[in-house]
Amino acid sequence: MAGLDAKTVQVGQALPTLTKPAITKDTLKGYAAASGDPNPMHLDDEFARNSGYKGVFAHGMLSMGYLGEFLVRAAGHPSAVRRFKTRFAKLTWPGDVITCKGTVTAIQDDGAVRVVDCDIWTENQEGEKKLVGSASLALARG
């Protein structure tokens, strides 16, 4: 997947999308172990139901990690991600197929880089936004 090109990027341009495989309970178990977040809301259906949810749901930081990967791919390098902020809009459930999307909202030159501001979000297979935010990417102009 090609990222953004500093020479051709335009306001209103869509960032190359990133679609992840459907979230499973195994995904949540693996993420819990890797992140050190064993909160039973994400691992134990009975606990989650007793807490008022329909079952376990994904860690918010899992979706944020997906967006981080999406931004690095769009920018071409981790150090090119200058700013990245989000808010959680809706819960992500097992079975959801998450796609990361974004749109360029502003462009300005800053020395050797072109700074690209973007609106970013994740959405499931039904187009329901789960995580929304913004980011700034510094693309090399050379």
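1. Charges. The chain carries 17 positive and 15 negative side chains, and the centres of these two sets lie 4 Å apart. In this count Lys and Arg are positive and Asp and Glu are negative, while His and the chain ends are not counted; the place of each charge is taken as NZ of Lys, CZ of Arg, CG of Asp or CD of Glu.

2. Basis of the model. Please keep in mind that this is a predicted model, in which local features need pLDDT of at least 70 and side-chain atom pairs count only at pLDDT 80 or more, whereas totals for chains, interfaces and linings use all residues. Residues are numbered from 1 along each chain as its sequence is written, and side-chain values use heavy atoms, with hydrogens and water left out.

3. Overall build. The chain contains three helices and five strands, where helices (H or I, at least four residues) and strands (E, at least two) are DSSP runs numbered from the N terminus. Read from the N terminus on, these elements follow the order β-α-α-α-β-β-β-β. The C-alpha trace spans about 55 × 30 × 25 Å along its principal axes.

4. Surface and contacts. The accessible surface of the chain comes to about 7,400 Å², and 51% of this belongs to carbon and sulfur atoms; such areas come from the Shrake-Rupley method with a 1.4 Å probe, and for residues only the protein chains shown count as cover. Of the 142 residues, 40% count as buried, a word that here means under 20% relative accessible area, with exposed meaning over 50% and partly exposed lying in between (1.4 Å probe, protein chains only). Among contacts (heavy atoms within 4.5 Å) between residues at least 6 apart in sequence, 65% join residues at least 24 apart.

5. The sheet. Five strands form an open sheet in the order β1-β3-β4-β5-β2, with antiparallel pairing; two strands pair if DSSP finds at least two bridges between them. The edge strands are β1 (18-19) and β2, each of which pairs on one side only. Helix α3 (residues 60-75) packs on the sheet and touches β1, β2, β3, β4 and β5 (129-140), and its direction makes about 150° with that of β2. For that angle, axes are lines fitted to C-alpha atoms, for helices over the stretch in contact, and angles run from 0 to 180 degrees between N-to-C directions.

6. Strand β4 and its partners. Strand β4 (residues 113-123) pairs with β3 in the antiparallel sense over eleven bridges, and among the partners in β4 are T122 for C100 and D119 for T103. The hairpin of β3 and β4 has two residues between the strands, and in it G111 takes a positive phi near 65°. β4 and β5 also pair in the antiparallel sense over eleven bridges; W121 has V132 as its bridge partner in β5, and I120 has G133. These two strands form a hairpin with five residues between them, in whose turn G127 has a positive phi of about 80°. Ten of the eleven residues of β4 are buried, and the strand is mostly covered.

7. Strand β5. Nine of the twelve residues of β5 are buried, so this strand is largely enclosed by the rest of the structure. β5 pairs with β2 in the antiparallel sense over seven bridges, and the bridge partner of F84 in β5 is A135.

8. S63 has its place in helix α3 and counts as buried because its relative accessibility is 3%. Leaving aside residues up to four places away in sequence, S63 touches T92, T122 and L131. A89 lies in the loop between β2 (81-88) and β3 (99-110), and A89 is called partly exposed because its relative accessible area is 37%. With the residues up to four places away again not counted, A89 touches K129, K130 and L131. The C-alpha atoms of A89 and A48, which are 41 residues apart along the chain, are separated by 19 Å.
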